[in-house]
Amino acid sequence: MSFCISSILHLSLISVDRYMAICDPLRYRMRVTNNTVTVFITFIWLFSFVYSFSVVFSGITAVGLEMLILQTYCVGSCVVFFNKDWGIVCPILTFFLPGTIMSSLYLKIFYVARKHAKVMSERMTGGMKSQSSAHRERKAAKTLAIVMGVFLLCWLPYFTAAKAFKILISTYICGIKHSNTLIFE
């Protein structure tokens with residue numbers, strides 16, 4: 001859990017770095033220093049470990065599920081129980097929020113890079129769009145699509161296929177009533 005959260009947060013941090021480098025290049029060197037990067041990377045790792053271990057070992061995710069836990073206890077079983085509140089909080093904090101941040105920043109980067117390429121192309125060709133400019137735009141769009149596509153391809157199935165999230169989505173959005181218990185195995 002710690003490594004997964006750390007991975008997602010590192011990808012988010014990279015998107016913030018790219019956003020600052022492209023959308024605010026004049027202040028980028030002053031803001032993004034080795035010390036700043038070290039602080040943010042350390043924070044990500046600490047947050048990942050503290051969040052993961054506190055969620056699992058505090059028992060907060062199993063509040064209200066005590067009877068179910070007693071009924072399903074099995075020696076050697078490695079089951080983490082999530083009540084409804086934490087079944088929603090965990091995916092939002094560890095996937096959907098960072099994913100939304102990454103998507104919105106990369107879209108903004110794409111539009112700014114496209115605008116920059118257009119201005120540079122107009123300066124070089126006297127207002128006509130050059131073929132190399134169009135090629136750069138396609139390359140930038142392709143790179144961003146690959147980054148976000150791989151991210152979503154790798155993580156979306158896990159977060160949408162989890163027993164807890166499917167039950168909560170079906171309960172809150174579709175109105176289908178299920179058991180009050182949510183289990184990850």
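Analyst: Happy to. Keep in mind that this is a predicted model. Let's start with Ser48: not counting residues up to four places away in sequence, Ser48 touches Ser2, Ile5, Ser6 and Leu9.

User: What makes those touches, in terms of distance?

Analyst: A contact means heavy atoms within 4.5 Å. Ser2, Ile5, Ser6 and Leu9 are listed as touching Ser48 on that basis.

User: Why is Ser48 called buried?

Analyst: The relative accessible area of Ser48 is 0%. Buried means under 20%, so Ser48 counts as buried.

User: Which polar contacts does the side chain of Ser48 make?

Analyst: Two partners to mention here. The side chain of Ser48 reaches the backbone nitrogen of Ser6 at 3.3 Å, and a polar atom of that side chain lies 2.7 Å from the backbone oxygen of Ile44. The cut-off is a pair of N or O atoms within 3.5 Å, so the 3.3 Å to Ser6 qualifies, and so does the 2.7 Å to Ile44.

User: How do you know about the "transmembrane region" label?

Analyst: That one comes from a record: an unreviewed UniProt entry places the feature at residues 39-57, 88-113 and 140-158. In the model, residues 39-57 are 100% helix and 0% strand, with the end C-alpha atoms 26 Å apart. Residues 88-113 are also 100% helix and 0% strand, and there the end C-alpha atoms lie 35 Å apart.

User: Why is Cys90 called buried, and which residues does it touch?

Analyst: Cys90 has 6% relative accessibility. The limit is under 20%, so Cys90 counts as buried. Cys90 is in helix α5, residues 84-125. Leaving out residues up to four places away in sequence, Cys90 touches Tyr51, Val55, Phe82 and Phe95. Cys90 and Ser52 are 38 residues apart in sequence, with 9.8 Å between their C-alpha atoms.

User: What makes Ile92 partly exposed?

Analyst: Ile92 lies in helix α5 and has a relative accessible area of 40%. Partly exposed runs between the buried limit of 20% and the exposed limit of 50%, so Ile92 gets the in-between label. Beyond four places in sequence, Ile92 touches Leu97 and Pro98.

User: How much of the chain is buried, and what is its pattern?

Analyst: Buried residues make up 28% of the 185 residues. The chain has seven helices and two strands, in the order α-α-α-α-β-α-α-α-β. Among contacts between residues at least 6 apart in sequence, 70% join residues at least 24 apart.

Methods:
Residues numbered from 1 in each chain as written. Predicted model: local features only at pLDDT ≥ 70, side-chain atom pairs only at ≥ 80, totals over all residues. Heavy atoms only, no water. Buried < 20%, exposed > 50% of the residue type's maximum accessible area, 1.4 Å probe, protein only. Polar contact = N/O pair within 3.5 Å; in protein donor to acceptor, adjacent residues only side chain to side chain. UniProt positions renumbered as here; feature names shortened; annotations may be inferred. Helix = DSSP H or I, 4+ residues; strand = E, 2+ residues; numbered from the N terminus.
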